[in-house]
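Subject: Structure handover

Hello,

The structure is below, followed by notes on what was found in it. Please read the notes alongside the coordinates.

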Amino acid sequence: MEKHMPKPDEYARMVKAASGRSKGWKNIPLAFLVGGAVCAAGEGLRQLYLSAGLSPDWAGAMVSVSLIAASALLTGLGVYDDIAKAGGAGALVPITGFANAVVSPALEFRPEGMVLGTGSRLFAIAGPVIAYGLAASWIYGFIFWLLNR
Amino acid sequence: MAKLLGRSTYIFDRPPVIRSFAAAGGGKEGEGPLGERFDLLSPDNLYGADSWEQAEMKMQRLALKTALNKGGLRKGDLNILFAGDLLNQCTGSSYGLRPFMAPYLGVYGACSTMAETLLLASVFVDGGLAKAAGASTSSHFCSAERQYRYPLEYGSLRPPTAQWTATAAGAVILTAEGDCPRIEVRHACAGIIEDPGVKDANNMGAAMAPAAACLLRRYFRESATAPQDYSRIFTGDLGTVGSALLYQLLARDRLDISGMHDDCGLLLFDRARQDVHAGGSGAGCSAAVLCCHILPEMLAGRYEDVLFIATGALLSPTMVQQGESIPGIAHLVHFHLARSGKEGA
Amino acid sequence: MAFFQALIKAFLVGGALCAVGQALIDYTKLTPARILVSYVVAGVALGGSGVYQPLLDFAGAGASVPLTGFGALLARGVRQAVAEHGLTGVFSGGLTAAAAGVTAAVVFGLIAAVVFKPKSK
């Protein structure tokens, strides 16, 4: 870098000042509203399934399946990314965000084929969540087994 | 033959003439401030193709074909063709330009490709290696997203510093001769890779601004000119963040271009109306602004001497994941409007 | 009345978990992918240590729908499987508990890939 260029740390400060701050004061309430709405919808479904006579475990599983189906539909219709644009983490953290992370590459990589495109890219984004979730459950299970032998 | 000034500024003896040019774009570009100036637009961004890559190939092919037609040339007339784009293996160019069967030299300069191909084509024409040379590039939002970022329908979050890859292609034909008034390429300057240590792929303006600043400063010194010698200076695509940083970096050398500066990333889209965050980007962005705004405005007599500095962030998604900082590049081309006969250079 | 109370509790707890995620995105250098992984792993830890169960009892879907709930579900699955099958349960419990969600995402993803195309932006 030439003489008149700032040192990297000085440039980093210039970049930070020029880049502006994320609008947390706006993003966080929006994430709360969107995420809360998804969870409230899930709770509505859960109450419905419970009143239909499903066991709590079954009702919980059916809530997940229903929300995943809804998210897959909205992703396919090209609406889910717009919801995420407004809701940020409110659309990412619920299980609907997990479904969006599986369905969106499934659509995107279709031109490369159902097997090597869609099939192999299905978990390109959601894979880490499954991998580390299962790894954590394995560690927890092993400790639980050791303690309860 | 071109002469070398300083480290890498070239002054052309027989300035190549811009024979013709054409731009193709997508839906968002058509709705932007330059929408009416495009030769071709595809509102669904597909150009009738089945995939985004195919669409980009077709878009660049149509831009070059239109430029050739406008210049009254046939595809057999091209002695050399320089082209590149953002995709792996330069898919848009190497696949898209196959039908021209022209001698082809593919280049990769990320978003700086338009200036890079113009520079190379100018050297070939000035040096007598080509009577007609083509320079062309493209970028496509959808093909770039799936290669560099996320699937289109994934709810990814864009920080305010992120830029929007333009769906656009531009092609320019340079010839040794041409009727006046005509636009000539008088100087060119090949840039040096500057890496200011930016690791954030969502802040490419910051990664490219030092390359543009160093290039401008060196070009003014080597060509013995000053910002005031030019009616307009266009950078592409620094966006809001990169433009602000460029002014700050140049101010350290007491250079002020703010009165005559425009950024291609801020001209192609209307930031207030179109959701593009810090501005447009992509190889096609500066190419389209060149063909839809800069060159037409020059031919209309509004600008006499123009500097076109296309900037590129030479990032690889693999290296971003490995935590490496982003190399920035910029290349410069000086256009001059020759109104009549032989003017002194 | 109890129905609406349940909805409000789910809304508040679920919304709060998402708001924390947004604050992490806006004010730390953590990428969204890392935040989601942390949420699941945190869910396993909280579920395994028994801290998450009261939240599930209180908020229902408000605690089970966010990814921390997915983690807690994995922890509960592995605990039940170990209790029933011993050491083999360590390997089978997590995936068994996650089976419905993962299978639904895969099947609906494949169906969507056949039916829909990504929209151009």
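A pocket here is an open set of grid points where a 1.4 Å probe fits, with protein on both sides within 12 Å along at least five of seven lines. The model is a predicted one.

Second largest pocket

The space in the second largest pocket comes to about 860 Å³. Its lining consists of 35 residues, and those that lie nearest the centre are Asp57(A), Gly60(A), Ala61(A), Leu73(C) and Arg76(C). By class, the lining residues of this pocket are 15 nonpolar, 14 polar and six charged.

Four helices each supply at least two residues of the lining: H3 of chain A, and from chain C helix H3 (52-59), helix H5 (67-85) and helix H6 (87-115). H5(C) gives the largest share of the lining, with 11 residues.

Two of the residues nearest the centre of the pocket, Asp57(A) and Arg76(C), also form a salt bridge with each other, at 3.1 Å from N to O.

Chain A against chain C

How many salt bridges are there between chain A and chain C? The count is two. The bridge between Arg76(C) and Asp57(A) links these two chains.

In terms of contacts, 66 residues of chain A touch 62 residues of chain C. The two chains bury about 5300 Å² between them, and 80% of that is on carbon and sulfur atoms. Phe32(A), Val93(A) and Tyr140(A) supply 12% of the area that chain A buries against chain C, which is more than any other three residues.

Ser71(A)

Helix H3 of chain A runs over residues 56-76 and includes Ser71(A). Is Ser71(A) buried or exposed? Ser71(A) counts as buried because its relative accessibility is 1%, and the cut-off for buried is under 20%. Beyond the neighbours within four places in sequence, the contacts of Ser71(A) are Tyr80(A), Thr96(A), Ala99(A) and Asn100(A).

Salt bridges

Over all chains there are 22 salt bridges.

Within chain A, Arg46(A) and Glu43(A) pair through their side chains at 3.2 Å, N to O. These two residues are three apart in helix H2 (residues 24-51) of chain A, so about one helical turn separates them. Both Arg46(A) and Glu43(A) are buried.

Glu108(A) has a relative accessibility of 2% and so counts as buried. Arg146(B), at 10% relative accessibility, counts as buried too.

Within chain B, Asp253(B) forms a salt bridge with Arg217(B), with 2.8 Å between the closest N and O atoms. Asp253(B) sits in the loop between helix H7 (239-251) and strand S12 (261-263) of chain B, while Arg217(B) is in helix H6 (residues 204-223) of chain B, so the pair ties together parts that are 36 residues apart in sequence. Asp253(B) and Arg217(B) are both buried.

Salt bridges with shared partners also make one network out of Glu108(A), Glu112(A), Glu53(B) and Arg146(B).

Regards

Key:
Residues numbered from 1 in each chain as written. Chains lettered and ligands numbered in written order. Predicted model: local features only at pLDDT ≥ 70, side-chain atom pairs only at ≥ 80, totals over all residues. Heavy atoms only, no water. Buried < 20%, exposed > 50% of the residue type's maximum accessible area, 1.4 Å probe, protein only. Contact = heavy atoms within 4.5 Å. 1 Å grid on protein atoms, 1.4 Å probe; cavity = no way out; pocket = protein on both sides within 12 Å on 5 of 7 lines; lining within 4 Å. Points joined across faces, edges and corners; volume = space filled by probe spheres on them. Nonpolar A, V, L, I, M, F, W, Y, C, P; charged D, E, K, R; others polar. Salt bridge = Lys/Arg side-chain N within 4 Å of Asp/Glu carboxyl O. Buried area = accessible area lost by both parts, 1.4 Å probe.
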